[in-house]
Amino acid sequence: MTLPRGRPAKRLDRNVTQDDRQARAPYAEALQRNADEGWVRLGVPGHQDQPKHHPALAGLAGPELLAVDIPMFTEGVDLPAPGETSSPLLEALELAAEAWGARRTWFLTDGASQGNHVTCLALRSLSPHAVVQRSVHTSVIDGAILAGLRLEFVQPSVDSVLGIAHGVTAAAVDEQLTAHPGAAAAYIVTPSYFGACADIDAIVEVAHRHGVPLVVDEAWGSHFGFHPELPKSALQSGADLVISSTHKLGGSLTQSAMLHLGEGPFADQLEPLIVRAMTTFGTTSPSGILYASLDLARRDLYLNGIPGIGASIADVEHLREVLNAKGRYADPDPSIHAAPDVIALDPLRFVVDTRSGGVPGYVARRLLEERNRIHVEMATGTCIVGLVGAGSRLDVDYVAAALHDLPEQDLGAHPPIHLPANAPRQMDLRDAYLSPTEIVPAAQAVGRTSADSLAAYPPGVANVLPGELITQEILDFLQDTARSPYGWVRGSVDPAVERLRVIA
Ligand SMILES: Cc1ncc(COP(=O)(O)O)c(C=O)c1O
C-alpha cells in the first residue's frame, strides 16, 4: 500500500533575479573575507585567532575555525561597513525571509528552544493565556513559566501500540479556543518527532476565526517547502509565527535555528513584541559561525532543493521499498496515517516497526550501534526512527542489510500505552515553579502538587506540570515507563522516579 508522504508544496516563484540573489551567502562570504584579511585582534574572543598559542582548540576543527570565530558586531559582517547602510547580516536575514516566505526572519543561536522562549514572552503581551498542544517541547513550558503565560491544553492523538504522540486536529483546537476565549495564540507542534504532519491550513483557519495568531513549532520541518514532494511549510499554510530548528534537518550547525514571522493579519502586532523579546533572550555574543551556517543552509536548501533533497527522498523511499519487499518488518505508515490529525508524513523520515520482526526497538537501536556503527534518531519499545537530512544520502544496502541481520528474540507481551488522565491544576504554573519545594518519596507525593514537569517517553506527552496534582495513576505510569527497558522520564529527580519534587 502506498500512502502519500509529502503533499505538493506551492513553490516560491523563482526567476533569474531571485535565483541570483539566493545564490549569494552574504554573511558567510563576509565572514570568510574578514578571516582572510588577517586582523591583529585585541578583543574577544580570547583565542584572538592565534592557533599557534591555542593548539588544542585549533586541533579540534583546524586552525580555520579560529579565524572565522570573530568578535560580535564586527563592521562589514554583522554591522554595516563604514559608509554603508546595510550589512551582510541584514542581507542574510532578508534572504532567509524571502526563501521561507516570511515577512521577517531572526537567526537564533540557542536553538529552537530560544525561539519558543521568545515567542512565549511576546505572546504574554497579547493575553495572559494561550491554547497550547499538550505535547509541546519543554522549551514552550519553560517559556510560559518565564513569561507568566497560562497554558490551556489541547491533547494530541497517541498511537498506543507504537508509542507515538502525534499532533492535534483543527476541531480540537477549535474546542479549546472556544472554551478559553481571548487567548494570545494557538500554539501547535508539527511535524511530530515521527514526521507526522497536522493540517495547518485548517488550524490557521480556526485560529484566525477566533481572532488569534497561530504559532507553529516546526522544529522538525525546516526543510519543508523546498521540494515538491515535501509537505508544505507552516508559512506556506499561513501560520503567523514559526519556530524552525534549522540544524535538525535543514543542514546548519547544531544550535542554529530561525524564527519566522508570517505575512498574516497579526504581523504588525507581533513584530515589535518579537523584536523586544529577542533582546531579552538573545546572547550579546552571537556566534558568527552559527550565523554563517544558517546563511549557507538557506542557500543550499533554496538552490539545491530539487536535486539535493530529491536524492535524499529517493534514498529513504528506496529503503522503505526494500524493507517492505523483504516483508520481515510491518509497514507502520498505515497506522500512523490512521491518526485523526495526520495528513502527511515527512518523506525524509522512516519508522521501522522492529517488534513485528522480532526485535524490540530499543534492542534494535543498541545492536545497530554495536554491530554496525549505525546511530538512529530514536527508539521506543516497538520501533526505531531514522532520518536523512535534506541533501544527505543514505547507504540503503548497508542499512537494510543491518536491519535484516538483527537476531530475532522471544518477545514478551508489549501492552499498549494508556496515558493517565491529566490531573487538576492546583496552582498557577509560574507560581508553582517559583514556590518553595521539597523532595519526597514517591508514595508521599501522591495528592501533592508537583513542582516539576514530568513526561514519560514514549510517547513524550507531559504527564504532570508544575502546579498540577500528582495522582496514583500518574505516578504508576511514570514508574512503569521508567522501569521498562526502553522508557525514561524527562524532568524526574531520579531515573526511577522514586522521589518527586513537590510544593512544600
Ligand atoms: C518540537 C521541538 N521544538 C523545539 C525543540 C528545541 O530545539 P533545539 O534543540 O533546536 O533548541 C525540539 C528539540 O528536539 C523539538 O523537538
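Reply: Happy to! The largest nonpolar core has 148 residues, and those with the most contacts inside it are Ala 130, Val 173, Ala 185, Ala 186, Tyr 187 and Ile 203. Helix 12 (residues 288–326) gives the most to this core, with 12 residues. A nonpolar core here is a set of buried Ala, Val, Leu, Ile, Met, Phe, Trp, Tyr and Cys residues joined through C-beta atoms within 7 Å. Buried means that 20 or more other C-beta atoms lie within 10 Å of a residue's own, exposed means 12 or fewer, and partly exposed is in between, with C-beta atoms placed from the backbone. Helices (H or I, at least four residues) and strands (E, at least two) are DSSP runs, numbered from the N terminus.

Please keep in mind that this is a predicted model: local features need pLDDT of at least 70, side-chain atom pairs count only at pLDDT 80 or more, and totals for chains, interfaces and linings use all residues. Residues are numbered from 1 along each chain as its sequence is written.

Now to one residue of that core. Leaving aside neighbours within four places in sequence, Ala 185 is in contact (C-beta atoms, placed from the backbone, within 7 Å) with Leu 123, Ala 130, Val 212, Pro 213, Leu 214 and Val 215. Of these partners, Ala 130 is itself among the core residues with the most contacts.

Next, the ligand. The residues around it, each with a C-beta atom, placed from the backbone, within 6 Å, include Gly 111, Asn 116, His 137, Val 189, Asp 217 and Ala 257. Helix 6 (residues 111–124) gives the most to this shell, with 4 residues. The shell divides into 4 nonpolar, 6 polar and 1 charged, where Ala, Val, Leu, Ile, Met, Phe, Trp, Tyr, Cys and Pro count as nonpolar, Asp, Glu, Lys and Arg as charged, and the others, Gly among them, as polar.

Further along the chain there are strands, which pair if DSSP finds at least two bridges between them. Three of them form an open antiparallel sheet in the order 12-14-13. Strand 12 (349–352) and strand 13 (378–379) stand at the edges with a single partner strand each, so one side of each is left without a neighbour in the sheet. Strand 13 pairs with strand 14 (residues 384–387) over 2 bridges, and Met 378 stands opposite Val 385.

Finally, strand 16 (residues 454–457) runs antiparallel to strand 17 (residues 461–464), joined by 3 bridges. Ala 456 has Val 461 as its bridge partner.

Technical notes: Contact = placed C-beta atoms within 7 Å.
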